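Thanks, everyone. Let me put the structure up, and then we can walk through it.

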Amino acid sequence: MSSGASTFLTRWINFLTMLLAVAVVIFGVWMSKHHDGCHKSLTIPVLCLAAIIFLVSITGFLGALKNNSILLWIYLILLCCILLVILMFTVLAFIVTNNGSGHRTTNLRYKEYHLQDYSPWFLKQLNNTHKWEELRSCLVKSADCISLSRKYKNLKQYKEAKLTPIEGGCCRPPSECGFPAVNSSYYDLSFHPISSNKDCKVYKNAKAIKCYNCDSCKAGVAEYMKMEWTIVAIFNVGLFVILVNL
């Protein structure tokens, strides 16, 4: 292949890479719009990845345009680094999200999650007092628990609801406690819990308390993070395959 044809091809490859960076930005923006402020743990890394890919593609494009071998070498080295980072993150994401599947409970349409089922990495993050206080404060302000009374007008609707991991873990006591539900936001705590689970004593009906300090709430957040990491990992697999074949 002549040097002119090679330069032309390199320009087009980098132009396609810039379009790919735009696609990654769109994916990051979708994540930020799709989730509220408490659930955006991966939005910033995705947007940063898009920015890096865009800058690398511009470097390669300019190198091909100016026929500058130094810029082209910088482009190739940076591209290899990006591929390595994507590969490492994807492998880590699949390892971290391998554990924790939830438990079916009688008369419930959703699964309940146990904190000890998740990977040590998740446990370390969620058991960090400072990090959990920040996340807990955000959860209290979020609409996850507040919206239940609007979504489910009566007790029958609530009992038949398919709650999200965070709604099921943070907004209500674990089912094993045996507290009767009065409505979607209030439980009769005068009943003595039938389980030794410490979460039964932690739960309160107050909006600012609920089960936000429960292990079940941490498990619900872990499941949410697991789903979020899985989405990003799958996206990264596709991104890796495209970059390798460009």
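Glu167 belongs to helix α9, while Lys151 belongs to helix α7, residues 148-151, so the pair ties together parts that are 16 residues apart in sequence. Now look at the cover on each partner. Glu167 counts as buried, because its relative accessibility is 4%. Lys151 is partly exposed, because its value is 41%.

Before I go on, a word on confidence. This is a predicted model. The mean pLDDT of the protein is 82. Of its residues, 85% reach 70 or more. Where should you be careful? Among the elements, helix α1, residues 3-34, has the lowest mean pLDDT, at 66. The highest belongs to helix α10, residues 199-202, at 95. As a rule, where pLDDT is low, the predicted coordinates should not be read in detail.

Back to salt bridges. How many does a search of the whole structure find? Three.

The next one joins Glu112 and Arg172 through their side chains, at 3.3 Å from N to O. Glu112 sits in strand β2, residues 111-112, and Arg172 sits in the loop between α9 (165-170) and β3 (181-183), so this pair ties together parts that are 60 residues apart in sequence. Are these two residues buried or exposed? Glu112 is buried, and Arg172 is buried as well.

The remaining pair is Lys198 and Asp215, whose side chains meet at 3.6 Å, N to O. Lys198 is in the loop between β4 (186-187) and α10, and Asp215 is in helix α11, so the parts tied together here are 17 residues apart in sequence. Asp215 is partly exposed, because its relative accessible area is 24%.

Phe94, Ile234, Val237 and Val241 make a nonpolar surface patch of about 340 Å². Which element gives the largest share of the nonpolar patch? Helix α11, residues 215-245, with three residues. Ile234 is in that helix. Ile234 counts as exposed, because its relative accessible area is 53% and the cut-off for exposed is over 50%.

There is a charged patch too. Arg104, Arg109, Lys111 and Lys162 gather on the surface in a patch of positive charge. Arg104 lies in strand β1, residues 103-104. Arg104 counts as exposed, because its relative accessibility is 61%.

First, Thr97. Find Thr97 in the loop between α3 (69-96) and β1. Thr97 counts as buried, because its relative accessibility is 8%. Now pick out Trp121, which is 24 residues from Thr97 along the chain. The C-alpha atoms of the two are separated by 9.7 Å.

Then Lys210. Lys210 is in the loop between α10 and α11. Its phi is near 40°, a positive value in a residue other than glycine. Why point that out? Because most residues other than glycine have a negative phi. Lys210 is also buried, because its relative accessible area is 5% and buried means under 20%.

That is the tour. Questions, please.

Key: Residues are numbered from 1 along each chain as its sequence is written. This is a predicted model: local features need pLDDT of at least 70, side-chain atom pairs count only at pLDDT 80 or more; totals for chains, interfaces and linings use all residues. Side-chain values use heavy atoms; hydrogens and water are left out. pLDDT is the predictor's confidence in each residue, from 0 to 100. Helices (H or I, at least four residues) and strands (E, at least two) are DSSP runs, numbered from the N terminus. Patches are made of residues with over 30% relative accessible area and no salt bridge: like charges are joined within 9 Å, nonpolar side chains (Val, Leu, Ile, Met, Phe, Trp, Tyr) within 5 Å. Accessible areas come from the Shrake-Rupley method with a 1.4 Å probe; for residues, only the protein chains shown count as cover. A salt bridge is a side-chain nitrogen of Lys or Arg within 4 Å of a carboxyl oxygen of Asp or Glu. Lys and Arg count as positive and Asp and Glu as negative; His and the chain ends are not counted. The place of a charge is taken as NZ of Lys, CZ of Arg, CG of Asp or CD of Glu. Buried means under 20% relative accessible area, exposed over 50%, partly exposed in between (1.4 Å probe, protein chains only).
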